[in-house]
Each structure stands twice: as C-alpha cells, then as structure tokens.
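Please keep the structure open while you read, and look up each residue as it is named.

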Amino acid sequence: MKTRSDFKVPFLDLRIDDPLERDRLMDAINTVFEHGRFILGPEVTELENRVAHYCDRKFAVGLGSGTDAVLLALRAHEVGPGDEVITSALSWLATGTAIAQTGATPVFTDVGNDLVMDAISIEPLMSERTKAIVPVHYTGKVCDMAAISRIAVRYGIPVIEDASQAFGARRFGRPAGSFGTMAAFSLNPMKVFAACGEAGILLTDDAQLATTVRALRYNGMVDADTTRYISGNARIDTLQAAILLKRLDSVSHHIERRRTIAREYNSAFKKFFEVPEEGDEIADRDAWYTYTVRTDAREDLYIHLQTNGVEAKIRDRYLLSDQPVFHGNTSGSFPNARRLIDTLLCLPLHDKMTDDDASFVISAVTSFFEDGVR
Ligand SMILES: *Cc1c(COP(=O)(O)O)cnc(C)c1O
C-alpha cells in the first residue's frame, strides 16, 4: 500500500503545516479550553448562525457527521419503514446507508453526463410510498434544483439536498444548501469546508423542522428533562465548531484555487477525455470537491498515474444499488450511471497544490496518451 509521501502529487494533503494556519486554529482551540463548554458551546451557535447566513438559510443545526445530517433530515420528516426515498444511483455510499437506517427503501435515479441527478428520471419512480427526494450535489456540482423542486412540489414531498460535496457551490445564483426543504452537509476533513475530525450540519428555513432536529441530535430531548423521540447522540463538538469558524473565512479562496487548477486541467485534457465542465455564468459555480473525468482508459490511466507519482483515485467504485448492503435492490432505473461508473477517475485537486504540482499531473496524463503508453 502506497502512502501519501510516495507520491509527488498526493490526492489530498490534510496536514496543517502552514504556521499561520496552525496558530489560528490553536487560538480557537485555546479559547475552548478556557471556557470549557465542550458540548454545544458558544462556537456551535456561532457556527450555526454563520453557516445559515452563508447558505441563505434561516436555521442551521450542527451535527456529528454528514451521515447524521442526512439521517436526521429524513427522520424529522418522519420517513420510516415501508417508505421509499428517491436518490441518485451515484453517490458516496453514506447517502444510501442514511436512507436505509430510517427503514425506508432507497430508489435510485439516473445521472446525466455531469454526474448529478437527472431530473427527467425521477417521475417514473414516484409511487404512493415515495416520501422524499434526496438529490446529491456530486463532485461539488449542484443538481438542477429548479426541475427537481418542481416535481417535489407537484407530488407534495420534501427535497433534502445531500450537499456534502458542494459547500460554497452555486446554481441559478443561489448557494448549495439553499434549495431543499432541508440541506445536509458533511464537514469531515476530506470536504472543501472541513473540520479536523467528524462534523456535519443541517440547514432549513422551517422553524419546526429545526426544533425537531435539535431534539433528534441528542436522545430526542425536547427540554432538560424530557425525551420525545427515539434517537442517538449526533452533536457536533465545540472544538470542531471552533475550527470550522476559523476556516469558514477561507473557503471561497480555496474553491477559487481549485477552480484555477481545474480550468488548467480542462484545457490540457479535453483532447484526451471528457472533462468536468462548469457553467459559464457566475450563477453556476462548482465547489470542485473532486476533479472527476470520464475515460474508457480509466484502469490503465489509473495505474500509469500511480506508477508516475500522481495519486489519482477511483472514488466510488460501485453504484449504490450494487453495494452488498443493498443487494437485490433493483428499484430505479439508471442506464447512464451504469455506463459511466467504470469510466470515472478523480485526479488530485486541492488548494495546497502548487503550479508545479498541476504541471506535473498534466505531464503525467499527457505522457499516457501521447507517448504510446496506451
Ligand atoms: C462525505 C459524504 C457524506 C457523509 O458524510 P460523513 O461526514 O462522512 O458522515 C454523505 N454524502 C455525501 C455525498 C458525501 O460526500
């Protein structure tokens, strides 16, 4: 097994080696050490307020993970056994397991070539039992929320965005997380807006739903003495909230850096394979969580890059429907996702990459296609 240091360009580099950044985070941690409110301390409330504002929402509830955020959104809507929840066949597996944890059955839609939910494929999957739609802003690209919301309104069911990969992205001039009845974010260390450990957050404009999620995040407690719902402990740590507050200021800057590299990649690579295109309008902006390309030469290119110092990754090897845990779940229809799943490869894209790193990746890919390696 190769480790990060075996690569000239690692897929991600999560170390905090910039002394200024480290000092800033240490200050935040020290403040929490001083006040000692490790659970739901003042930084949690401040983070909730600032993230709600950033994403144009009224309420935010800090949680222990993105998985919890999707799960509690569904539970706040009373989704449970016997219900169906429509989601994309292509996502990180947590979207599927969160749905299944409620007892509901996930039903999978197709994706477009942009890898996000194809709104056209939703309606044929609607049944009496459909209780929610969970679109996934896969790779950091916001789904066509206008089309998805229209369908949801027509059927009178909620939309819960799994916006875990898209913090800071926009569509139709609005931020990711501002579209659904509720929106779930993972803030784990891999994400663009990242804690130094597990964290997540759930957004909504509905005061009642926010109150319910606050109860669900700790043993169903509705006040200091009373529990009304069966649920576990899904609170965000004050320490993580303090770190996230420091990092919120630099999110847009980090996304811009990713965008710059992504554009360089795109112009170098579009003659070789299908690259991830971003809308031209300022209204449509991806978060660039991953730089995911589509190529029939996926396996060979992956090995070529691994042996030439570039840590590419196959992020989601299986469609959700093909995960052993969902074995036999044939609900849904997703021919395009089925076709695409074996072609997807993620190249390194993160804000610590230098211009040299980007050039190195470009040379490594180019040598594969041009030097007869293929
Ligand atoms: C990361 C991620 C999650 C899960 O988040 P955790 O914080 O790891 O629980 C859920 N959905 C998607 C699309 C993700 O990328």
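The points below take the pockets, the ligand and the cavity in turn.

1. Please bear in mind from the start that this is a predicted model, and that every value given here was computed from it.

2. The largest pocket holds about 530 Å³ of space, and its lining is made up of 25 residues, among which Glu21, Arg247, His254, Asp351 and Lys352 lie nearest the centre. Two elements, α1 (19-35) and α8 (251-269), each give two or more residues to this lining, and α8 gives the most, with three residues. When the lining residues of the largest pocket are sorted by class, eleven are nonpolar, three are polar and eleven are charged.

3. The second largest pocket has a volume of about 390 Å³, and of the 29 residues that line it, Trp92, Gln165, Lys191, Tyr289 and Arg315 are the closest to its centre. The elements that contribute two or more residues to this lining are α3 (66-76), α4 (93-101) and β13 (344-347), with the largest share, three residues, coming from α3. By class, the lining of the second largest pocket divides into eleven nonpolar, twelve polar and six charged residues.

4. Which space does the ligand take? The ligand sits in the second largest pocket, and the elements that give two or more residues to the shell around the ligand are α3 and α4. That shell consists of 15 residues, of which Gly66, Thr67, Asp162, Ser186 and Lys191 come nearest to the ligand, and by class the shell has four nonpolar, nine polar and two charged residues.

5. In Gly66 a backbone N or O atom lies 2.8 Å from an oxygen atom of the ligand, whereas in Thr67 an N or O atom of the side chain is 2.5 Å from a ligand oxygen atom. Lys191 also takes part through its side chain, where a polar atom lies 3.0 Å from an oxygen atom of the ligand. Taken alone, the ligand exposes 380 Å², and the protein buries 94% of that area.

6. How many cavities of 30 Å³ or more does the model contain? The count comes to one, and the largest cavity holds about 60 Å³ of space. Its lining consists of Phe11, Leu12, Met190, Arg258, Tyr289, Thr290, Tyr291, Arg315, Leu347 and Leu349, which divide by class into seven nonpolar, one polar and two charged residues.

Terms used:
Residues numbered from 1 in each chain as written. Predicted model: local features only at pLDDT ≥ 70, side-chain atom pairs only at ≥ 80, totals over all residues. Heavy atoms only, no water. 1 Å grid on protein atoms, 1.4 Å probe; cavity = no way out; pocket = protein on both sides within 12 Å on 5 of 7 lines; lining within 4 Å. Points joined across faces, edges and corners; volume = space filled by probe spheres on them. Nonpolar A, V, L, I, M, F, W, Y, C, P; charged D, E, K, R; others polar. Helix = DSSP H or I, 4+ residues; strand = E, 2+ residues; numbered from the N terminus. Near = heavy atom within 4 Å. Polar contact = N/O pair within 3.5 Å; in protein donor to acceptor, adjacent residues only side chain to side chain. Areas by Shrake-Rupley, 256 points an atom, 1.4 Å probe, with all protein chains shown as cover. Sits in = over half its atoms within 2 Å of the grid points.
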